Amino acid sequence: MKWVSLVTTAVLAVSMSVHAQVEKPRVLDEAMISISIPNVHGFLDQFGLVAAQASPMMNGAMIKSMIGMQLGDMNLAGIPANGGLSIVALDPTNIFAVVEVSEATSSAYLNMAKAKGLQAEYADGAVILAKDAGALAKGAAESATVKAQLLANNGAVLSIAMQPSSMIERNRESIDGFMQMMPAMLGMSMMQQPGATLDSTQSITKLLQAELLVLVSLSEQCSEAEIKLAPAGGSLVLSKTFVPKAGTPLANLVQAPARAVENKKLHSGILGDGAVKIDFVFSNPGAFSEFVAVETEKAVKAMQLEEVDAKAIAKLMTKCIDVYSGTGCEVVSFDEGKIGVRYVMEVADEAKAFEVLRTMDTDMQPFFKMYESMGMPMSMEFKENVRETDGVKIHQFSMKTDISAMPDEQKEQMAAMGVDEMVYDLAITDGLMFYSEAGGMEALLKKVKSGADAPKIAARSTYPAGGFYYFDLDVGQYMGFVAQAMPDTPSSAMMKQQMGTLFAGATPVTSAGFKKDGMVHWSLTIPGDLIAKYGQMIMMQQMQNMQQSQMMAPPAMP
(Lines give C-alpha, C1' and ligand atoms only; values in the text may rest on other atoms or scores of the structure.)
Protein backbone atom coordinates (compact mmCIF):
# COMPACT_ATOMS: atom_id res chain seq x y z
CA MET A 1 0.00 0.00 0.00
CA LYS A 2 1.76 3.12 -1.24
CA TRP A 3 0.55 5.59 1.40
CA VAL A 4 1.27 3.17 4.20
CA SER A 5 4.89 2.93 3.02
CA LEU A 6 4.94 6.71 3.32
CA VAL A 7 3.92 6.46 6.95
CA THR A 8 6.57 3.81 7.51
CA THR A 9 9.31 5.96 6.05
CA ALA A 10 8.21 9.10 7.88
CA VAL A 11 7.93 7.64 11.35
CA LEU A 12 10.42 4.80 11.54
CA ALA A 13 11.60 6.46 14.75
CA VAL A 14 10.75 3.39 16.76
CA SER A 15 14.44 2.61 16.97
CA MET A 16 16.79 3.04 19.86
CA SER A 17 19.11 5.50 18.15
CA VAL A 18 21.05 8.19 19.97
CA HIS A 19 22.80 11.01 18.17
CA ALA A 20 24.56 13.80 20.07
CA GLN A 21 24.05 16.34 17.27
CA VAL A 22 20.25 16.26 17.32
CA GLU A 23 19.33 19.84 18.24
CA LYS A 24 15.98 21.19 19.31
CA PRO A 25 14.32 23.23 16.54
CA ARG A 26 14.94 26.97 16.87
CA VAL A 27 11.33 28.14 16.82
CA LEU A 28 10.08 31.58 17.78
CA ASP A 29 7.25 30.93 20.25
CA GLU A 30 5.03 33.68 18.86
CA ALA A 31 5.61 32.77 15.21
CA MET A 32 3.67 30.52 12.87
CA ILE A 33 6.73 30.11 10.62
CA SER A 34 10.15 31.71 10.13
CA ILE A 35 12.79 31.57 7.38
CA SER A 36 16.27 32.46 8.57
CA ILE A 37 19.89 32.60 7.41
CA PRO A 38 21.98 33.25 10.54
CA ASN A 39 25.18 33.84 8.52
CA VAL A 40 24.35 35.37 5.14
CA HIS A 41 27.90 35.63 3.81
CA GLY A 42 28.88 32.15 4.99
CA PHE A 43 25.74 30.64 3.46
CA LEU A 44 26.12 32.37 0.09
CA ASP A 45 29.82 31.51 -0.10
CA GLN A 46 29.03 27.83 0.46
CA PHE A 47 25.97 27.90 -1.78
CA GLY A 48 28.15 29.46 -4.47
CA LEU A 49 30.35 26.35 -4.39
CA VAL A 50 27.24 24.26 -5.05
CA ALA A 51 25.93 26.55 -7.80
CA ALA A 52 29.35 26.56 -9.50
CA GLN A 53 29.07 22.79 -9.92
CA ALA A 54 26.15 23.36 -12.28
CA SER A 55 27.24 26.73 -13.72
CA PRO A 56 30.90 27.77 -13.26
CA MET A 57 30.06 31.49 -13.49
CA MET A 58 27.52 31.30 -10.66
CA ASN A 59 29.79 31.50 -7.57
CA GLY A 60 29.29 33.13 -4.17
CA ALA A 61 30.60 36.53 -5.27
CA MET A 62 28.27 36.58 -8.27
CA ILE A 63 25.25 35.66 -6.14
CA LYS A 64 26.06 38.40 -3.60
CA SER A 65 26.45 40.92 -6.43
CA MET A 66 23.09 39.99 -7.97
CA ILE A 67 21.23 40.19 -4.64
CA GLY A 68 23.09 43.36 -3.62
CA MET A 69 22.02 45.15 -6.80
CA GLN A 70 18.38 44.52 -5.88
CA LEU A 71 18.89 45.83 -2.35
CA GLY A 72 21.08 48.82 -3.16
CA ASP A 73 23.98 47.28 -1.23
CA MET A 74 26.64 46.14 -3.68
CA ASN A 75 28.06 42.73 -2.73
CA LEU A 76 26.02 42.91 0.48
CA ALA A 77 28.89 44.83 2.06
CA GLY A 78 26.51 46.36 4.58
CA ILE A 79 25.75 43.01 6.18
CA PRO A 80 28.42 42.22 8.82
CA ALA A 81 30.64 39.17 8.42
CA ASN A 82 28.43 37.22 10.84
CA GLY A 83 25.21 39.07 10.02
CA GLY A 84 21.97 37.27 9.34
CA LEU A 85 18.40 37.79 8.24
CA SER A 86 15.05 36.34 9.17
CA ILE A 87 11.55 36.57 7.72
CA VAL A 88 8.91 35.91 10.37
CA ALA A 89 5.16 35.30 10.02
CA LEU A 90 3.36 35.69 13.34
CA ASP A 91 0.15 34.92 11.43
CA PRO A 92 -0.99 35.31 7.79
CA THR A 93 -1.30 39.09 8.15
CA ASN A 94 1.61 40.03 10.43
CA ILE A 95 4.80 39.32 8.49
CA PHE A 96 8.10 41.15 8.90
CA ALA A 97 11.81 40.79 8.15
CA VAL A 98 14.85 41.49 10.31
CA VAL A 99 18.15 42.09 8.47
CA GLU A 100 21.34 42.70 10.42
CA VAL A 101 23.23 45.57 8.71
CA SER A 102 25.75 48.24 9.70
CA GLU A 103 24.42 51.65 10.59
CA ALA A 104 26.52 53.20 7.81
CA THR A 105 24.63 51.30 5.11
CA SER A 106 21.21 51.23 6.76
CA SER A 107 20.03 54.17 4.64
CA ALA A 108 20.40 52.07 1.47
CA TYR A 109 18.03 49.46 2.87
CA LEU A 110 15.57 52.08 4.11
CA ASN A 111 15.56 53.74 0.68
CA MET A 112 15.05 50.38 -1.02
CA ALA A 113 12.09 49.67 1.26
CA LYS A 114 10.53 53.03 0.50
CA ALA A 115 10.93 52.49 -3.25
CA LYS A 116 9.13 49.15 -2.96
CA GLY A 117 6.30 50.54 -0.85
CA LEU A 118 7.40 48.86 2.37
CA GLN A 119 7.53 50.18 5.91
CA ALA A 120 11.00 50.10 7.49
CA GLU A 121 13.09 51.33 10.41
CA TYR A 122 16.61 50.82 11.73
CA ALA A 123 17.29 49.90 15.36
CA ASP A 124 19.98 48.03 17.31
CA GLY A 125 22.00 46.95 14.29
CA ALA A 126 19.11 45.71 12.17
CA VAL A 127 16.66 46.95 9.58
CA ILE A 128 13.07 45.84 10.21
CA LEU A 129 10.79 45.69 7.16
CA ALA A 130 7.06 45.05 6.81
CA LYS A 131 4.14 45.78 4.50
CA ASP A 132 2.27 48.02 6.94
CA ALA A 133 2.80 50.00 10.12
CA GLY A 134 1.10 47.42 12.34
CA ALA A 135 3.35 44.58 11.23
CA LEU A 136 6.38 46.89 11.45
CA ALA A 137 5.59 47.72 15.08
CA LYS A 138 5.34 44.03 15.92
CA GLY A 139 8.58 43.36 14.09
CA ALA A 140 10.36 46.09 16.02
CA ALA A 141 9.07 44.65 19.29
CA GLU A 142 10.22 41.13 18.35
CA SER A 143 13.54 42.00 16.63
CA ALA A 144 15.71 41.43 19.73
CA THR A 145 14.08 38.04 20.30
CA VAL A 146 14.50 37.13 16.63
CA LYS A 147 18.22 37.91 16.76
CA ALA A 148 18.69 36.02 20.04
CA GLN A 149 16.69 32.90 19.09
CA LEU A 150 16.95 32.59 15.31
CA LEU A 151 20.22 34.30 14.33
CA ALA A 152 22.59 33.89 17.27
CA ASN A 153 24.05 30.50 16.30
CA ASN A 154 25.84 32.00 13.25
CA GLY A 155 25.20 28.90 11.13
CA ALA A 156 25.78 29.01 7.36
CA VAL A 157 22.38 27.42 6.75
CA LEU A 158 18.92 28.30 5.55
CA SER A 159 16.42 27.36 8.26
CA ILE A 160 12.66 27.04 8.00
CA ALA A 161 11.19 26.71 11.49
CA MET A 162 7.53 26.22 12.23
CA GLN A 163 4.89 24.96 14.62
CA PRO A 164 2.97 22.51 12.39
CA SER A 165 0.18 21.63 14.83
CA SER A 166 -0.49 25.31 15.48
CA MET A 167 -0.42 26.14 11.76
CA ILE A 168 -2.94 23.43 10.94
CA GLU A 169 -5.21 24.45 13.80
CA ARG A 170 -5.21 28.08 12.65
CA ASN A 171 -5.96 27.07 9.06
CA ARG A 172 -8.18 24.05 9.70
CA GLU A 173 -11.15 25.36 7.72
CA SER A 174 -9.02 26.14 4.64
CA ILE A 175 -7.21 22.79 4.80
CA ASP A 176 -10.44 20.82 5.13
CA GLY A 177 -11.93 22.76 2.22
CA PHE A 178 -8.91 22.05 0.05
CA MET A 179 -8.97 18.35 0.89
CA GLN A 180 -12.62 18.15 -0.16
CA MET A 181 -12.07 20.05 -3.41
CA MET A 182 -8.71 18.51 -4.32
CA PRO A 183 -10.00 15.30 -6.00
CA ALA A 184 -12.31 17.24 -8.32
CA MET A 185 -9.72 19.94 -9.13
CA LEU A 186 -6.94 17.43 -9.77
CA GLY A 187 -9.28 15.16 -11.71
CA MET A 188 -10.23 17.98 -14.11
CA SER A 189 -6.56 18.70 -14.75
CA MET A 190 -5.64 15.04 -15.26
CA MET A 191 -8.51 14.47 -17.69
CA GLN A 192 -6.70 16.78 -20.11
CA GLN A 193 -3.79 14.33 -20.39
CA PRO A 194 -3.62 11.99 -23.42
CA GLY A 195 -5.20 8.61 -22.76
CA ALA A 196 -6.73 9.65 -19.45
CA THR A 197 -10.06 8.11 -18.47
CA LEU A 198 -12.51 8.84 -15.68
CA ASP A 199 -11.53 5.63 -13.89
CA SER A 200 -7.80 6.37 -14.11
CA THR A 201 -8.14 9.91 -12.78
CA GLN A 202 -10.41 8.85 -9.93
CA SER A 203 -8.02 6.10 -8.77
CA ILE A 204 -4.95 8.35 -8.87
CA THR A 205 -6.65 11.28 -7.15
CA LYS A 206 -7.86 9.00 -4.35
CA LEU A 207 -4.33 7.72 -3.81
CA LEU A 208 -2.97 11.27 -3.68
CA GLN A 209 -5.75 12.28 -1.31
CA ALA A 210 -4.82 9.40 1.01
CA GLU A 211 -1.17 10.46 1.04
CA LEU A 212 -2.08 14.07 1.79
CA LEU A 213 -4.33 12.98 4.63
CA VAL A 214 -1.46 11.02 6.16
CA LEU A 215 0.89 13.99 5.83
CA VAL A 216 -1.61 16.34 7.44
CA SER A 217 -2.18 13.86 10.26
CA LEU A 218 1.56 13.56 10.91
CA SER A 219 2.02 17.33 10.76
CA GLU A 220 -0.71 18.09 13.25
CA GLN A 221 1.01 15.73 15.69
CA CYS A 222 4.25 17.80 15.58
CA SER A 223 4.53 20.75 17.95
CA GLU A 224 7.81 22.05 16.49
CA ALA A 225 9.80 21.35 13.35
CA GLU A 226 12.83 22.78 11.58
CA ILE A 227 14.09 22.14 8.06
CA LYS A 228 17.67 23.12 7.23
CA LEU A 229 19.50 23.47 3.93
CA ALA A 230 23.25 23.46 4.54
CA PRO A 231 25.62 23.76 1.57
CA ALA A 232 29.15 22.57 2.41
CA GLY A 233 32.15 22.05 0.15
CA GLY A 234 30.03 21.84 -2.99
CA SER A 235 27.59 19.32 -1.51
CA LEU A 236 24.12 19.92 -0.08
CA VAL A 237 22.78 18.60 3.21
CA LEU A 238 19.03 18.75 3.77
CA SER A 239 17.81 17.91 7.27
CA LYS A 240 14.63 17.97 9.30
CA THR A 241 14.10 17.77 13.05
CA PHE A 242 10.66 17.51 14.62
CA VAL A 243 9.24 17.32 18.13
CA PRO A 244 6.02 15.28 18.51
CA LYS A 245 3.15 16.94 20.34
CA ALA A 246 2.65 15.45 23.80
CA GLY A 247 -0.16 12.91 24.09
CA THR A 248 -0.40 12.15 20.36
CA PRO A 249 0.05 8.69 18.78
CA LEU A 250 3.27 9.98 17.17
CA ALA A 251 4.65 11.02 20.56
CA ASN A 252 3.78 7.59 21.98
CA LEU A 253 5.67 5.97 19.12
CA VAL A 254 8.78 8.12 19.44
CA GLN A 255 8.91 7.72 23.21
CA ALA A 256 8.30 3.96 23.20
CA PRO A 257 11.11 2.05 24.95
CA ALA A 258 13.50 -0.04 22.87
CA ARG A 259 12.73 -3.77 22.86
CA ALA A 260 15.53 -4.87 20.53
CA VAL A 261 19.08 -3.87 19.66
CA GLU A 262 20.78 -3.61 16.30
CA ASN A 263 22.32 -6.75 14.79
CA LYS A 264 25.45 -5.21 13.29
CA LYS A 265 26.18 -8.32 11.21
CA LEU A 266 22.96 -7.83 9.25
CA HIS A 267 23.29 -4.96 6.78
CA SER A 268 22.49 -4.33 3.12
CA GLY A 269 26.14 -4.55 2.10
CA ILE A 270 25.92 -8.35 2.34
CA LEU A 271 22.94 -8.48 -0.03
CA GLY A 272 24.92 -7.46 -3.12
CA ASP A 273 24.82 -4.48 -5.44
CA GLY A 274 21.77 -2.33 -6.15
CA ALA A 275 20.52 1.17 -6.81
CA VAL A 276 18.82 1.49 -3.41
CA LYS A 277 20.28 0.13 -0.17
CA ILE A 278 18.61 0.46 3.23
CA ASP A 279 19.57 -0.59 6.76
CA PHE A 280 16.98 -0.13 9.51
CA VAL A 281 16.06 -1.15 13.05
CA PHE A 282 12.66 -1.96 14.55
CA SER A 283 13.35 -1.56 18.24
CA ASN A 284 9.67 -1.63 19.22
CA PRO A 285 7.45 -3.25 16.55
CA GLY A 286 4.45 -3.28 18.91
CA ALA A 287 4.49 0.50 19.30
CA PHE A 288 4.89 0.92 15.55
CA SER A 289 1.98 -1.41 14.72
CA GLU A 290 -0.27 0.46 17.17
CA PHE A 291 0.61 3.74 15.48
CA VAL A 292 0.00 2.40 11.96
CA ALA A 293 -3.36 0.95 13.04
CA VAL A 294 -4.51 4.32 14.39
CA GLU A 295 -3.39 6.22 11.29
CA THR A 296 -4.94 3.64 8.94
CA GLU A 297 -8.37 3.91 10.55
CA LYS A 298 -8.12 7.68 10.58
CA ALA A 299 -7.28 7.88 6.85
CA VAL A 300 -10.00 5.45 5.78
CA LYS A 301 -12.57 7.35 7.81
CA ALA A 302 -11.46 10.73 6.43
CA MET A 303 -11.75 9.43 2.86
CA GLN A 304 -15.30 8.22 3.63
CA LEU A 305 -14.65 4.74 2.22
CA GLU A 306 -17.73 3.32 3.88
CA GLU A 307 -17.48 -0.04 2.10
CA VAL A 308 -13.96 -0.59 3.49
CA ASP A 309 -13.44 -2.36 6.83
CA ALA A 310 -10.85 -0.05 8.42
CA LYS A 311 -10.54 -2.14 11.58
CA ALA A 312 -9.85 -5.30 9.57
CA ILE A 313 -7.11 -3.50 7.62
CA ALA A 314 -5.57 -2.15 10.82
CA LYS A 315 -5.69 -5.63 12.37
CA LEU A 316 -3.94 -7.12 9.34
CA MET A 317 -1.19 -4.53 9.43
CA THR A 318 -0.67 -5.09 13.14
CA LYS A 319 -0.45 -8.84 12.53
CA CYS A 320 2.18 -8.35 9.82
CA ILE A 321 4.33 -5.84 11.69
CA ASP A 322 4.31 -7.80 14.94
CA VAL A 323 6.26 -10.71 13.42
CA TYR A 324 9.30 -8.50 12.88
CA SER A 325 11.91 -7.89 15.52
CA GLY A 326 15.08 -5.85 15.43
CA THR A 327 17.24 -5.39 12.37
CA GLY A 328 16.39 -5.46 8.68
CA CYS A 329 18.02 -4.51 5.40
CA GLU A 330 16.98 -4.24 1.75
CA VAL A 331 18.48 -3.78 -1.69
CA VAL A 332 16.50 -2.74 -4.77
CA SER A 333 18.10 -3.21 -8.17
CA PHE A 334 17.05 -2.47 -11.73
CA ASP A 335 18.20 -5.20 -14.08
CA GLU A 336 17.08 -5.27 -17.71
CA GLY A 337 14.32 -2.79 -16.95
CA LYS A 338 12.84 -4.91 -14.15
CA ILE A 339 12.68 -4.17 -10.43
CA GLY A 340 14.58 -6.66 -8.27
CA VAL A 341 14.25 -6.78 -4.47
CA ARG A 342 16.36 -8.57 -1.85
CA TYR A 343 15.24 -8.20 1.74
CA VAL A 344 16.21 -9.79 5.07
CA MET A 345 14.53 -9.08 8.42
CA GLU A 346 14.80 -10.59 11.89
CA VAL A 347 11.62 -12.28 13.11
CA ALA A 348 10.68 -13.01 16.71
CA ASP A 349 8.83 -16.26 16.01
CA GLU A 350 9.40 -18.30 12.83
CA ALA A 351 6.15 -20.28 13.16
CA LYS A 352 4.14 -17.10 13.67
CA ALA A 353 5.84 -15.45 10.70
CA PHE A 354 5.01 -18.41 8.45
CA GLU A 355 1.38 -18.39 9.58
CA VAL A 356 1.15 -14.75 8.53
CA LEU A 357 2.37 -15.71 5.07
CA ARG A 358 0.11 -18.75 4.81
CA THR A 359 -3.06 -16.77 5.53
CA MET A 360 -1.99 -13.62 3.72
CA ASP A 361 -4.20 -14.05 0.65
CA THR A 362 -7.28 -14.35 2.88
CA ASP A 363 -6.25 -11.68 5.37
CA MET A 364 -5.50 -9.22 2.57
CA GLN A 365 -9.07 -9.12 1.27
CA PRO A 366 -10.08 -5.96 3.23
CA PHE A 367 -6.94 -4.29 1.92
CA PHE A 368 -7.73 -5.32 -1.66
CA LYS A 369 -11.28 -4.09 -1.26
CA MET A 370 -9.97 -0.68 -0.26
CA TYR A 371 -7.75 -0.50 -3.34
CA GLU A 372 -10.61 -1.65 -5.52
CA SER A 373 -12.71 1.20 -4.14
CA MET A 374 -9.94 3.53 -5.29
CA GLY A 375 -10.05 2.14 -8.83
CA MET A 376 -7.04 -0.20 -8.69
CA PRO A 377 -8.11 -3.84 -8.11
CA MET A 378 -5.42 -6.15 -6.73
CA SER A 379 -5.13 -9.86 -6.04
CA MET A 380 -2.59 -12.15 -4.43
CA GLU A 381 -1.68 -15.83 -4.42
CA PHE A 382 0.58 -17.65 -1.93
CA LYS A 383 2.22 -20.96 -2.83
CA GLU A 384 3.75 -23.04 -0.06
CA ASN A 385 6.94 -25.12 -0.50
CA VAL A 386 7.47 -24.49 -4.20
CA ARG A 387 11.04 -25.80 -3.88
CA GLU A 388 13.81 -26.46 -1.36
CA THR A 389 17.52 -25.66 -1.06
CA ASP A 390 19.92 -27.01 1.59
CA GLY A 391 16.99 -28.00 3.79
CA VAL A 392 15.31 -24.59 3.60
CA LYS A 393 11.79 -24.49 2.17
CA ILE A 394 11.11 -21.74 -0.35
CA HIS A 395 7.63 -20.30 -0.74
CA GLN A 396 6.29 -17.93 -3.36
CA PHE A 397 3.65 -15.28 -3.65
CA SER A 398 2.45 -13.23 -6.58
CA MET A 399 0.76 -9.84 -6.56
CA LYS A 400 -1.35 -8.74 -9.52
CA THR A 401 -2.52 -5.19 -10.04
CA ASP A 402 -5.21 -4.30 -12.56
CA ILE A 403 -3.76 -1.31 -14.41
CA SER A 404 -6.38 -1.25 -17.17
CA ALA A 405 -7.80 2.04 -15.87
CA MET A 406 -4.48 3.86 -16.19
CA PRO A 407 -3.65 6.16 -19.12
CA ASP A 408 -2.09 4.21 -22.01
CA GLU A 409 1.43 5.62 -21.65
CA GLN A 410 1.56 4.97 -17.90
CA LYS A 411 0.05 1.52 -18.44
CA GLU A 412 2.79 0.61 -20.92
CA GLN A 413 5.53 1.77 -18.55
CA MET A 414 4.08 -0.18 -15.61
CA ALA A 415 3.79 -3.33 -17.71
CA ALA A 416 7.35 -2.93 -19.04
CA MET A 417 8.67 -2.78 -15.47
CA GLY A 418 6.62 -5.81 -14.49
CA VAL A 419 4.73 -3.90 -11.81
CA ASP A 420 1.37 -5.24 -12.98
CA GLU A 421 2.37 -8.77 -11.93
CA MET A 422 5.15 -9.25 -9.40
CA VAL A 423 6.33 -12.66 -8.18
CA TYR A 424 8.56 -13.08 -5.11
CA ASP A 425 10.29 -15.88 -3.26
CA LEU A 426 10.13 -16.16 0.54
CA ALA A 427 11.96 -18.27 3.11
CA ILE A 428 12.18 -18.30 6.90
CA THR A 429 15.20 -19.79 8.67
CA ASP A 430 17.69 -18.99 11.45
CA GLY A 431 15.36 -16.34 12.92
CA LEU A 432 15.31 -14.41 9.63
CA MET A 433 12.75 -13.82 6.89
CA PHE A 434 14.26 -13.74 3.39
CA TYR A 435 12.52 -12.07 0.46
CA SER A 436 13.70 -11.87 -3.15
CA GLU A 437 12.51 -11.58 -6.72
CA ALA A 438 11.41 -14.92 -8.22
CA GLY A 439 14.36 -17.24 -8.74
CA GLY A 440 16.74 -15.24 -6.56
CA MET A 441 16.26 -16.97 -3.22
CA GLU A 442 18.98 -19.61 -3.51
CA ALA A 443 21.67 -17.02 -4.18
CA LEU A 444 20.40 -14.77 -1.38
CA LEU A 445 20.35 -17.58 1.18
CA LYS A 446 23.84 -18.73 0.18
CA LYS A 447 25.24 -15.20 0.42
CA VAL A 448 23.79 -14.44 3.86
CA LYS A 449 24.28 -17.88 5.43
CA SER A 450 27.95 -17.95 4.35
CA GLY A 451 28.67 -15.46 7.11
CA ALA A 452 30.99 -13.50 4.84
CA ASP A 453 30.96 -9.79 5.55
CA ALA A 454 31.01 -7.01 2.96
CA PRO A 455 31.63 -3.25 2.94
CA LYS A 456 28.79 -1.33 4.51
CA ILE A 457 26.83 1.24 2.60
CA ALA A 458 28.19 4.77 2.10
CA ALA A 459 25.68 6.32 4.52
CA ARG A 460 27.42 4.49 7.37
CA SER A 461 30.51 6.60 6.60
CA THR A 462 28.67 9.85 5.95
CA TYR A 463 26.74 9.67 9.23
CA PRO A 464 27.65 8.52 12.76
CA ALA A 465 26.52 5.29 14.37
CA GLY A 466 23.28 4.96 16.32
CA GLY A 467 20.77 5.73 13.56
CA PHE A 468 17.46 3.97 13.09
CA TYR A 469 17.98 3.82 9.34
CA TYR A 470 20.71 4.38 6.74
CA PHE A 471 20.06 4.81 3.04
CA ASP A 472 22.10 4.91 -0.20
CA LEU A 473 20.81 5.84 -3.65
CA ASP A 474 23.01 5.13 -6.67
CA VAL A 475 21.64 7.77 -9.01
CA GLY A 476 23.57 6.34 -11.96
CA GLN A 477 21.76 3.00 -11.76
CA TYR A 478 18.43 4.66 -11.07
CA MET A 479 18.69 7.11 -13.98
CA GLY A 480 19.67 4.26 -16.27
CA PHE A 481 16.46 2.50 -15.26
CA VAL A 482 14.39 5.66 -15.82
CA ALA A 483 15.98 6.13 -19.24
CA GLN A 484 15.00 2.58 -20.25
CA ALA A 485 11.41 3.26 -19.22
CA MET A 486 11.16 6.41 -21.35
CA PRO A 487 9.37 6.06 -24.70
CA ASP A 488 11.58 5.86 -27.78
CA THR A 489 11.05 9.04 -29.76
CA PRO A 490 13.42 11.13 -31.90
CA SER A 491 13.28 13.98 -29.39
CA SER A 492 14.06 11.75 -26.39
CA ALA A 493 16.98 9.81 -27.88
CA MET A 494 19.68 12.22 -26.73
CA MET A 495 18.12 12.65 -23.28
CA LYS A 496 17.90 8.87 -22.80
CA GLN A 497 21.55 8.48 -23.77
CA GLN A 498 22.64 11.19 -21.33
CA MET A 499 20.56 9.85 -18.48
CA GLY A 500 21.78 6.31 -19.07
CA THR A 501 25.51 7.10 -19.03
CA LEU A 502 26.29 10.52 -17.54
CA PHE A 503 25.60 9.64 -13.89
CA ALA A 504 27.48 6.34 -13.86
CA GLY A 505 30.04 6.25 -11.05
CA ALA A 506 28.69 9.28 -9.19
CA THR A 507 28.94 9.31 -5.39
CA PRO A 508 25.63 8.00 -3.97
CA VAL A 509 23.04 10.15 -2.26
CA THR A 510 23.06 9.17 1.42
CA SER A 511 20.57 9.57 4.24
CA ALA A 512 20.11 8.61 7.88
CA GLY A 513 17.68 9.09 10.77
CA PHE A 514 18.27 9.52 14.50
CA LYS A 515 16.24 9.89 17.67
CA LYS A 516 17.15 11.64 20.90
CA ASP A 517 15.31 13.17 23.85
CA GLY A 518 11.91 12.69 22.25
CA MET A 519 13.00 14.36 19.00
CA VAL A 520 13.50 12.82 15.57
CA HIS A 521 16.18 13.98 13.14
CA TRP A 522 16.42 13.09 9.42
CA SER A 523 19.23 14.07 7.05
CA LEU A 524 19.97 13.71 3.33
CA THR A 525 23.33 14.46 1.65
CA ILE A 526 23.56 15.23 -2.08
CA PRO A 527 27.24 15.01 -3.11
CA GLY A 528 28.90 17.74 -5.14
CA ASP A 529 30.02 15.50 -8.01
CA LEU A 530 26.41 14.42 -8.56
CA ILE A 531 25.27 18.05 -8.67
CA ALA A 532 28.03 18.71 -11.22
CA LYS A 533 26.74 15.89 -13.43
CA TYR A 534 23.23 17.35 -13.32
CA GLY A 535 24.74 20.67 -14.38
CA GLN A 536 26.47 18.96 -17.30
CA MET A 537 23.20 17.36 -18.40
CA ILE A 538 21.36 20.68 -18.27
CA MET A 539 24.08 22.41 -20.31
CA MET A 540 24.10 19.60 -22.88
CA GLN A 541 20.31 19.82 -23.16
CA GLN A 542 20.48 23.59 -23.63
CA MET A 543 23.07 23.20 -26.38
CA GLN A 544 20.90 20.58 -28.08
CA ASN A 545 17.87 22.89 -27.94
CA MET A 546 19.93 25.73 -29.44
CA GLN A 547 21.08 23.51 -32.29
CA GLN A 548 17.53 22.39 -33.01
CA SER A 549 16.32 26.01 -32.97
CA GLN A 550 19.02 26.99 -35.45
CA MET A 551 18.14 24.10 -37.75
CA MET A 552 14.46 25.08 -37.69
CA ALA A 553 15.14 28.78 -38.25
CA PRO A 554 14.11 30.09 -41.73
CA PRO A 555 17.01 30.70 -44.13
CA ALA A 556 18.37 34.24 -44.29
CA MET A 557 17.09 36.44 -47.09
CA PRO A 558 19.62 36.95 -49.93
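A crossing is right-handed if the near helix is turned clockwise from the far one by less than a right angle, and left-handed if anticlockwise. I noted that before looking at any helix pair. The model is a predicted one.

**Entry: α2 and α3**

I started with helix α2, residues 40–54, and helix α3, residues 60–71. Their axes come within 7 Å. The crossing angle is roughly 120 degrees. Angles of 65 to 115 degrees count as roughly perpendicular, and those over 145 as roughly antiparallel. The pair is therefore oblique.

Next I looked up who touches whom. From α2 I listed His 41, Leu 44, Asp 45, Phe 47, Gly 48 and Ala 51. They meet Gly 60, Ile 63, Lys 64 and Ile 67 of α3. I sorted this contact by class: five nonpolar, three polar and two charged residues.

**Entry: α10 and α11**

I moved on to helix α10, residues 285–302, and helix α11, residues 310–321. Here the axes come within 9 Å and cross at roughly 160 degrees. That angle makes α10 roughly antiparallel to α11. The crossing of α10 past α11 is right-handed.

The α10 side of the contact has Pro 285, Phe 288, Ser 289, Val 292, Ala 293, Thr 296, Glu 297 and Val 300. The α11 side has Ala 310, Lys 311, Ile 313, Ala 314, Met 317, Thr 318 and Ile 321. I sorted these residues too: 10 are nonpolar, three polar and two charged.

**Entry: α18 and α19**

Which way does α18 cross α19, left-handed or right-handed? I took the geometry first. Helix α18 covers residues 475–485 and helix α19 residues 493–501. They pack at about 155 degrees, with axes 7 Å apart. So α18 is roughly antiparallel to α19. The crossing is left-handed.

On α18, the contact uses Met 479, Gly 480, Val 482, Ala 483 and Gln 484. On α19, Lys 496, Met 499 and Gly 500 take part. The classes come to four nonpolar, three polar and one charged.

Methods. Residues are numbered from 1 along each chain as its sequence is written. This is a predicted model: local features need pLDDT of at least 70, side-chain atom pairs count only at pLDDT 80 or more; totals for chains, interfaces and linings use all residues. Side-chain values use heavy atoms; hydrogens and water are left out. Axes are lines fitted to C-alpha atoms, for helices over the stretch in contact, and angles run from 0 to 180 degrees between N-to-C directions. Helices (H or I, at least four residues) and strands (E, at least two) are DSSP runs, numbered from the N terminus. Angles under 35 degrees count as roughly parallel, over 145 as roughly antiparallel, 65 to 115 as roughly perpendicular and the rest as oblique. Contact means heavy atoms within 4.5 Å. Ala, Val, Leu, Ile, Met, Phe, Trp, Tyr, Cys and Pro count as nonpolar, Asp, Glu, Lys and Arg as charged, and the others, Gly among them, as polar.
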